[in-house]
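User: Please take a close look at a single part of this structure for me. Start with the overall picture, then go into detail.

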Amino acid sequence: MITIQVFDPAMCCSTGVCGPSVDPALPRFAADLEWLKSKNVKVERFNLAQEVGAFTSNPIVKVTLNAQGTKCLPLILAEGMIVSQGTYPTREVLAAAAAVSYEPGPTIKRVKEQSPELVSISGPTKVNL
Amino acid sequence: MYTGKGGVGKTSIACATAVFLAENGKRVLLVSTDPASNLDEVLQTRLGMRPTLVEKVKGLYAMNVDPEEAARQYRERVVGPYRDLLPESAVKNIEEQLSGACTLEIAAFDEFAKLLGDAHATSDFDHVIFDTAPTGHTLRLLQLPAAWSGFIDSNVGGTSCLGPLAGLQAQRELYEKTMASLSDATTTTIFLVSRPEHSALAEAERTRNELDAIGLKNQKLILNGIFQACATNDSIAIALERRGCEALADMPNGLEGLPRIEVPLVAQSLIGVGALRRLGEGRLDEAKAALQTQAEMNLPPSLAALIPDLIARGKGVIMTMGKGGVGKTTVAAALAMELARSGHRVHLTTTDPAAHVHLALREDIPGLRVSRIDPIAETRAYTAEVMSESGRDLDAKGRALLEEDLRSPCTEEIAVFRAFARCVDEGNQGFVVIDTAPTGHTLLLLDAAEAYHRDVARNLSYIPDSVRRLLPQLRDPNFTRIIIVTLPEATPVHEAARLQDDLNRAAITPYAWVINQSFYATGTRDPLLAKRGALELRYIAEVRDKLARRLALVPWQAESPVGAEGLQQLLEETVTK
């Protein structure tokens with residue numbers, strides 16, 4: 001079984017609902033991790049504000065964090081190797097890192113009809129309508 | 001455990017009880033969980049977060065559970081061991097995340113649970129007396145164990161949001177014991193403290209219901225400030241006695257059924273062990289005290305004097321702040337009514353969970369809209385908004401995860417905060433008069449503003465404009481006028497001074513002070529009331545000379561100040577003596 005480890009910046013919770021507004025990338029990523037678990041991938045998630053020890057006891061995380069500061073977070077490891085840093089990777093990247101076959105899930109896209117700045121989430125386009 | 005609307009005398013009665021028990025050979029621990037605790041002042045002993053022996057009383061220990069300090073200690077427990085192992089930015093990141101309103105609330109509750117849920121913590125004492133915070137805040141504190149036990153039960157994932165208290169699962173047993181000892185009638189007695197006044201009794205009844213619903217059924221009622229007029233020729237004294245009788249005659253049925261203790265109105269401030277001892281022993285013999293002759297004093301102007309300058313800008317936010325029970329709602333309603341009558345569009349609203357704005361303003365006044373920020377409704381609306389925006393295209397699992405996180409205790413804080421920001425922002429279009437929550441909760445709100453302000457700077461694209469503008473608007477003296485409301489007594493004035501200090505630290509400068517319910521300004525000749533009035537003078541002078549940039553004095557009202565007519569009375573010129 002492959003292990004994916006996620007080292008989050010200090011935050012209140014994994015979907016970010018406790019912030020002044022929700023960053024749509026967070027619930028999407030949380031859902032992607034759930035999907036990985038359903039594919040028999042072992043997922044571990046650590047929040048800097050809550051499990052500081054996990055950051056200092058992992059040599060790769062400790063070195064990266066000390067070299068780059070918090071801008072390297074979120075830091076995602078697969079089998080102890082860095083998969084991505086500073087951003088929440090897509091489901092496709094996660095699937096490749098965990099060696100499971102990719103199934104399209106919710107993706108982030110720009111929603112034009114709302115505010116030009118507003119980032120929202122949209123599922124895959126349904127073709128069989 | 002004492003609870004009741006702010007200003008009803010919880011601290012005095014809790015302290016008098018503690019002194020009485022200790023002097024009868026019991027070992028007593030007195031605890032305040034009020035963020036604006038004044039136990040130190042009342043007991044004239046410097047207290048901290050550990051039990052401290054009270055001077056002059058054998059066997060009496062007291063302590064303050066200060067949420068700020070509890071949160072700081074909590075932060076240090078999390079960060080301390082890693083300070084040398086992590087870069088500066090990571091340490092900062094953690095500290096910021098752990099400095100919000102939820103951390104304060106949770107850290108304070110944690111201290112509370114340690115005393116209530118852990119038998120060892122209090123095994124040295126025969127009695128532990130909690131002088132709890134004002135009602136709205138108390139309820140939140142007391143409801144947490146039930147809400148959180150339920151929250152942990154239904155939290156299937158086990159990894160999602162438990163707020164900043166990461167070790168909550170480990171605390172579960174402690175919290176369950178806390179809840180059990182609260183609902184055990186042989187262990188815990190709840191004293192509902194009230195004045196013989198309609199609004200205080202209504203508040204006590206609400207509290208009775210809510211505590212009853214979470215299983216705290218061993219309740220008793222304390223009626224503080226029972227007054228009988230000495231002479232029959234003083235209209236103020238007769239009105240005070242009549243209003244007390246009327247309020248008691250209308251007492252809600254639920255309260256009627258409780259065992260009752262009555263405490264008479266006294267004409268001296270209950271500061272220091274001597275006064276507390278006499279109150280406990282029923283030896284305060286005030287009514288016969290000689291009427292003191294006082295130097296004449298030029299009284300500050302009435303509330304009406306504030307109006308012209310407030311009107312001049314045509315829009316903006318007016319916020320009444322102060323401890324619960326000092327009349328913030330009434331002052332806010334009177335100002336809102338007067339602004340509306342002068343032809344402006346006015347929105348009167350409150351963030352106080354225990355508000356009665358609607359009771360203060362019984363009828364419609366053209367141009368005046370009245371509303372309330374209801375935490376439950378706001379939370380529901382915010383949850384729905386997040387689910388529809390961020391949860392719209394998540395799969396079932398993702399939605400379940402998001403929904404689970406939204407059940408966290410932080411969600412309400414955020415929802416209420418956003419609603420508050422929206423109200424403040426309305427000050428760009430017209431007048432918004434906000435009757436804010438009691439001091440402790442207000443401070444949490446403003447502290448949240450500061451934490452959000454930092455978050456906003458980091459994460460600009462997702463923030464509603466109203467939230468982004470909030471703190472700058474609160475700090476702009478031309479946009480927001482903060483009116484501190486207090487009573488002409490030692491404790492309320494000193495608490496209000498602390499509030500002003502806190503605001504100043506947040507770079508917010510109060511616009512004016514209002515001293516409410518002055519017996520001196522009524523000109524009463526009743527011996528007890530006149531003595532109370534004379535005692536007011538030094539506090540009125542203290543506010544005028546040391547604290548307020550502008551000051552208005554409102555006399556105690558013979559008629560209950562509700563409805564347009566009642567509120568109008570508040571604006572009338574003060575009787576000159």
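Analyst: Of the 129 residues in chain A, 41% are buried (20 or more other C-beta atoms, placed from the backbone, within 10 Å of their own; exposed means 12 or fewer, partly exposed in between). In chain B, buried residues make up 52% of 577. This is a predicted model, where local features need pLDDT of at least 70, side-chain atom pairs count only at pLDDT 80 or more, and totals for chains, interfaces and linings use all residues. Residues are numbered from 1 along each chain as its sequence is written, while chains are lettered from A and ligands numbered from 1 in the order in which they are written.

Chain B has 22 helices and 15 strands (DSSP runs numbered from the N terminus: helices are H or I with at least four residues, strands E with at least two). Among its contacts with a separation of 6 or more, 77% join residues 24 or more positions apart (a contact means C-beta atoms, placed from the backbone, within 7 Å).

Ile190(B), Leu192(B) and Ser194(B) point one way. Phe191(B) and Val193(B) point the other way. Both groups are buried.

Now the neighbours. Strand 1 of chain B, residues 2-3, runs parallel to strand 6 and is joined to it by two bridges (strands pair if DSSP finds at least two bridges between them). Here Thr3(B) stands opposite Leu192(B). Strand 7 of chain B, residues 219-226, also pairs with strand 6 in the parallel sense, over five bridges. Gln219(B) in strand 7 is the bridge partner of Ile190(B). From strand 6, the chain passes through helix 8 of chain B, residues 198-213, to strand 7. This β-α-β crossover is right-handed (with the strands pointing away from the viewer, the path from the first strand over the helix to the second runs clockwise).

In helix 11, residues 273-280, the buried residues include Val273(B), Leu276(B), Leu279(B) and Gly280(B). These four lie on the same side of helix 11, because they cover an arc of only 125° around the axis (taken from the directions from the axis to the C-beta atoms). An α-helix has 3.6 residues a turn, so residues three or four places apart point the same way. Helix 1 (10-23) and helix 2 (39-43) of chain B are among the parts covering the buried residues of helix 11. Just after helix 11, Gly282(B) takes a positive phi of about 65°.

Definitions and conventions:
Contact = placed C-beta atoms within 7 Å.
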